[in-house]
Amino acid sequence: MLILLETMAEESRQATAPGILEPLLVRMQAGEQEALAELYHRARTAVYGLALSYLKHTHDAEDVTQDTFVRVWENVHQYQARGTPLAWVLTIARNLSLMNLRDRGKTEDMEPEAWERLAADSPLVTAEDRQVLQAALAGLSDEERQVVTLHAVTGWKHKEIAALLDLPLSTVLSKYRRALQKLRDILEGGEKP
Amino acid sequence: MNDRELEQKLRQALEHAAPNDIDAILSRCGPQNDKIVPITAAKKRKKRIVPWLAAACLVLAIGGGTLGVRYQQTNAVASVVSLDVNPSVRLEVNRAEKVLSATPLNDDANQILDGMDLTGTDLDVAVNAIIGSLLKHGYVDELANSVLVSVEDDDLTRGAALEEKLTGEISQVLESASINGAILSQTFTGDEALQQKAEEYGISLGKATLIQTLVDSSTHLTFESLTGLSINELNLLANSEAATDRTDQSVETDGIRSTGTASQDGYIGVETAKQAALSHAGVTQDQLDYLEADYDYEDGRMVYEVEFAVGGVEYEYDIDAATGDILKYERDGEESWQQGQTSAGSSGTSINGQAARDIALAHAGVTQDQVRELEVELDDGCYQVEFKAGRYEYEYEISAADGSILTAERDD
């Protein structure tokens, strides 16, 4: 089990590894839009996942995803090779999400009909996808959802997740375990591992 | 379903649901900002906060169409600019960047504006005069060198341009006075709720916006707790993500621009804090997997949060930034707590955190090598000791004065 987990984390990590993303940012600094397209291809799921975990609203998360990549393009000269490129991109996504929440005043829960629309909008989204997203959005606390989503889409270590979300490592660890347990309970109707 | 499958399902669902429209993004990609000017125009009208320069808070608000004032009128307020150090001054400016009014927002600002009639002057002249007066009255110095410049304008592009210009002006004034200043700057549109909050706490909208930004980007900072902080302290916090060794660089926190380095002369220094934590843990530099230290604000004081790991075991300390007292420490992992460390130097207490931990462990009847996720925190004269052992979670409150056990809890 542990080994499998590590393998999956490794897969997620590879798509957005610093060694891959960093050259893309350098090319973007030279004004190359193709590099942005490649970055988008590799990081859009992570950005969208994080935005959705904050906003719980697909249209807002889509807006933030688009805004994030526009920001990344505009501000790519400010990127300093201090952290990982993905962390920089996700920090922008997180800040935009928080600003969106602030503009909104409070978190609005996703209404059921919005989910119908989501399915209609995106032919790729299967019934099972909808069930999983519904469970993550409705069944988890905000922090649980943020932690488990980030882990799923980035394959990051908990320490890296703690840094991005500005949470203590111990909190991240406990939220992560709790989130997986809750998801399992919802999706399997209470079955324990 | 195991963990991996669960996570894969979640990832897959997100992959399917995530937008895949690069053309929409490319169509919005205009020219890139250079290193100094990270501001972007908003796609649609949104509240945005633009960066900050450090030490004093100058809030210049440019209030455009909000009031329904016709732009053509020379007396229409286009922008509102505020400057905050501790004195807070609010300037209303028209489209031609002439000052329509200058309002002191606190007592210190009365002194700063004393005898100056800024109405009708160019904004840059007014800002020069105000900064000059701040320097003359000693509000900007080595101990507190931060200035906050805020521009409130419904036209964010115009606001951002003005913000950048003012930041440059102020940098020059400080430089010519041989002050190693730090400037925070931001641009935003009006926000009635925040304005009310600002009035409630008697601070400028600019400072309120800065605080709100910090609160939004943090899980533990609260608006109320930060209102009493100086701009210099807020500047340290605003830059704290990157503060370990790169504070000389311009750092972008989204919405806040920062140039220069906030003064840290009032504090023990990050190196001293690191040493305090390491020596408490009984760890030497060469054993470290990594070590990070940064400013934070906890329980009403500025602290250094020091994090490091040794052999995969993570430690986290909060060190009082002014006194060097160890306020809190945590350790994760399975190994026993390092032995032989020096005693914690918390003033006003007669037992230290280790003693409190030992008392709790003895009461629980467990040994150190059975303990996981140990956390010891000094709060209001009492140590909170939490840990896990076996299948139980323990929580103790130990009096810091005499080591007596105030509460003891054990949960499954």
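**Strand β5 of chain B and its partners**

I began with one pair: B:Asp84 has B:Leu148 of β5(B) as its bridge partner. This is a predicted model, so I treat each entry as a reading of the prediction.

I then looked up the strands on either side of that pair. Strand β2 (residues 79–84) of chain B is joined to β5(B) by 5 bridges, and the two run antiparallel. With β6(B), β5(B) pairs in the parallel sense, over 7 bridges. There I noted B:Ser146, which stands opposite B:Ala182 of β6(B).

Is β5(B) buried or exposed? I found 7 of the 7 residues of this strand (residues 146–152) buried, so the rest of the structure largely encloses it. I sorted its residues by direction. B:Val147, B:Val149 and B:Val151 point one way, while B:Ser146, B:Leu148, B:Ser150 and B:Glu152 point the other way; all are buried.

B:Val147 came up again in the core listing. The largest nonpolar core has 90 residues, and B:Val147, B:Ile170, B:Tyr304 and B:Ile319 touch the most other members. Another core lies apart from it, with 65 residues that include A:Leu36, A:Leu52, A:Val72 and A:Leu133. I kept the general rule beside this: nonpolar side chains tend to be buried together in soluble globular proteins.

Next I went to the loop between β6 (182–188) and α6 (192–201) of chain B, where B:Asp191 lies. Why does B:Asp191 count as partly exposed? It has 19 other C-beta atoms within 10 Å, and a buried residue needs 20 or more.

I checked its distance to B:Leu205, which is 14 residues apart from B:Asp191 along the chain. Their C-alpha atoms are separated by 8.7 Å.

B:Leu205 is one of the buried residues of α7(B). I tested the length of this helix (residues 205–216). At 1.5 Å a residue, its 12 residues should span 16 Å, and the end C-alpha atoms are 16 Å apart, which agrees. The helix is mostly covered, with 10 of its 12 residues buried. Among them are B:Gly206, B:Lys207, B:Thr209 and B:Gln212.

**Chain A and the contact**

I turned to chain A. It has 10 helices and 0 strands. Of its 193 residues, 50% are buried. Among its contacts with a separation of 6 or more, 67% join residues 24 or more positions apart.

**Confidence**

The complex gets an ipTM of 0.89 and a pTM of 0.46. Chain B has a mean pLDDT of 76, with 82% of its residues at 70 or more. Within chain B, helix α2 (residues 22–26) is highest at a mean of 90, and strand β7 (residues 251–253) is lowest at 41.

I flagged two stretches of chain B. Residues 35–72 have pLDDT below 50, yet the model gives them 198 contacts beyond near neighbours in sequence. Residues 242–253 stay under 50 too, with 24 contacts beyond four places in sequence. Where pLDDT is low, predicted coordinates should not be read in detail.

Note on methods
Residues are numbered from 1 along each chain as its sequence is written. Chains are lettered from A and ligands numbered from 1 in the order in which they are written. This is a predicted model: local features need pLDDT of at least 70, side-chain atom pairs count only at pLDDT 80 or more; totals for chains, interfaces and linings use all residues. pLDDT is the predictor's confidence in each residue, from 0 to 100. Helices (H or I, at least four residues) and strands (E, at least two) are DSSP runs, numbered from the N terminus. Two residues are in contact if their C-beta atoms, placed from the backbone, lie within 7 Å. A nonpolar core is a set of buried Ala, Val, Leu, Ile, Met, Phe, Trp, Tyr and Cys residues joined through C-beta atoms within 7 Å. The expected span of a helix is 1.5 Å times one less than its number of residues. Two strands pair if DSSP finds at least two bridges between them.
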